[in-house]
Amino acid sequence: MSICVIGVSHDTASVSVREQLALSGDRLDAALQMARGLVSECVILSTCNRLELYALLGDNQSSQEAFAAMFDGAEEFQPFLYNRTDASAARHLFAVAAGVKSLVLGEAQILGQVQRAWQSAHKAGAAGPVLSQLFHRAVALGKRARSETAISMRPASVSYAAVVLAKQIFGPDLRTKQVLVIGTGEVGEGVAHCLHEHGIHATVVAHRQIERAQSVAHLYQAEVAPWEELPRLLAVSDIVISSTAAPHVILQRQHIESATVGRSAGPLHLIDLAVPRDIDPAAADLPGVYLHNIDDLRAVVHATLEERRSTLPQINSMVKAETAAFGQWLISRSAVPAIKAMREQAEAIARSETERALSKLPGLSPREQRIVEAMSARIVGKLMHLPTQHLKAQAMLSSEMDYEIDPEQVEGLFYTDDGRPPPPGPGKSKSFVVNWPKTINCSNVVGGASGAGNKQVPP
């Protein structure tokens, strides 16, 4: 089995490419179902700045084929794709969740997006135990990075960068300008929040979500207007910041042209934070109209968040340590078949002996029978604890990823070839005692795993 990630981000593809790959709602569900039929496990992370398919691959499974199945004409995106496997893939996700690969270094929104990506995959039955563990660790690391370092000490997000850009355009006069916010999702609310923190009262518009718009406006002392008033608002606004989840352009060139005819309010600045884009790129050709898309925020990011870079060595160390820890967990999982087989054999013996004992004690009450059964289960649990720990420890020491034990070998620990428990040794009682060795010879346990023989395991 191999873990991989394949996708694009703001580092490898422009917004015009990313908007073609953006997935949400039914399209995301359909893509998950398509991918899960081609790989063992999968999670899709789709944001404004990246589209990534994380997959657990078995023999003859390909991340390239799974990605291609999700999109028509996927071959045209080949030049923009990156493909990482195993430790590199895990390290990539940890860095993404920590915020060090975001357009705005350390922005907080990516952490929730990573968590929701796993939730969607889990709901669709696409995320299994391996990717679930990977994503849970990524979210935990992201929280640690933000609580233990200064990477999120100052507000930073695409929303924040948009407001910084607006301040650069208008300077102190921004407070006197008419600001229109279109969209009330996570980014749109973030814009309203940042504007409020800068003492700017915007007007919020949402399509078919007027109650949500009213809620956001109430929180941040903004005005609210119905979608039908958008043409009028465009005509009187100085700056428009749009971030809806619409799958298509919502402000066509002709809409903006009509709104600017006879305009006396000065230039109209449009900031499009959506992917796919909300605003027709052709609007930039109109006189008096200035269009900025999400990629234009790079200059703002570099100018305003330089201090966050000082946290990178600390976070990179955290990412490196978590990648190693996940690798060790992944290797330890390879002992699960051996542990499961061993425990099943022990429980089978316990059930047999318990039934035998209860048959000789017909006068026991139901409560007393439950006590005997519980005692038997506790004995199995206590006896199996140390062997289980040793198997896990041996797997951790092994360099092999396919550490497993043949069920017949496990059965041999408990039974002789004729199906009876091994006879007691000289001077021993009839109970079967296993003396678990402090040294496990992996060449015997795993059928000759190279490089794993005679490794010492702490008692």
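I began with a loop: Asn 60 sits between β3 and α3 (63–70). Helices here are DSSP runs of H or I with at least four residues, strands are runs of E with at least two, and both are numbered from the N terminus. I looked up the backbone of Asn 60 and found phi near 65°, a positive value in a residue other than glycine.

I noted what I am working with: a predicted model, where local features need pLDDT of at least 70, side-chain atom pairs count only at pLDDT 80 or more, and totals for chains, interfaces and linings use all residues. Residues are numbered from 1 along each chain as its sequence is written, and side-chain values use heavy atoms, with hydrogens and water left out.

**Another loop**

I went on to Pro 276, in the loop between β9 (268–272) and β10 (289–293). The peptide bond that joins Val 275 to Pro 276 is cis, with omega near 0°.

**Helix pairs**

Two packed helices are described by the angle between their axes and the distance between the axes. The axes are lines fitted to C-alpha atoms, for helices over the stretch in contact, and angles run from 0 to 180 degrees between N-to-C directions.

I took α6 (residues 129–148) with α13 (residues 312–333) and read an angle of about 155° and axes 11 Å apart. α6 and α13 are therefore roughly antiparallel. The classes are: under 35 degrees roughly parallel, over 145 roughly antiparallel, 65 to 115 roughly perpendicular, the rest oblique. The crossing of α6 and α13 is right-handed. That word applies if the near helix is turned clockwise from the far one by less than a right angle; anticlockwise is left-handed. I listed the contact (heavy atoms within 4.5 Å). Leu 134, Arg 137 and Leu 141 are among the α6 residues in it, and Met 318, Phe 326 and Trp 329 are among those of α13. By class, this contact has twelve nonpolar, two polar and five charged residues. Nonpolar covers Ala, Val, Leu, Ile, Met, Phe, Trp, Tyr, Cys and Pro; charged covers Asp, Glu, Lys and Arg; the others, Gly among them, are polar.

Which other helix did I find packed against α13? I looked up α4 (residues 86–98), which meets α13 at about 135° with the axes 9 Å apart. That makes the pair oblique. α4 and α13 also make a right-handed crossing. From α4 the contact takes Ala 87, Ala 90, Arg 91, Phe 94, Ala 95 and Ala 98; from α13 it takes Ile 315, Val 319, Glu 322, Thr 323 and Phe 326. I counted these by class as eight nonpolar, one polar and two charged.

Then I checked α7 (residues 158–170) and α8, at about 45° and with axes 8 Å apart. α7 is therefore oblique to α8. This crossing is right-handed. Ser 159, Tyr 160 and Val 163 of α7 touch Val 187, Gly 190, Val 191, Cys 194 and Leu 195 of α8. The contact holds six nonpolar and two polar residues, and no charged ones.

**Empty space**

Rolling a probe the size of a water molecule over the atoms shows where empty space is left. The search uses a 1 Å grid over the protein atoms alone: in a cavity a 1.4 Å probe fits but cannot get out, while a pocket is an open set with protein on both sides within 12 Å along at least five of seven lines; lining residues have an atom within 4 Å of a point. Grid points are joined across faces, edges and corners, and a volume is the space filled by probe spheres set on the points.

How much space lies in the largest pocket? I read about 1,200 Å³. It has 40 lining residues, with Ser 24, Ser 243, Thr 244, Ala 245 and Ala 246 closest to the centre. α5 gives the largest share of this lining, four residues. The pocket lining divides into 20 nonpolar, 15 polar and five charged residues.

I found two cavities of 30 Å³ or more.
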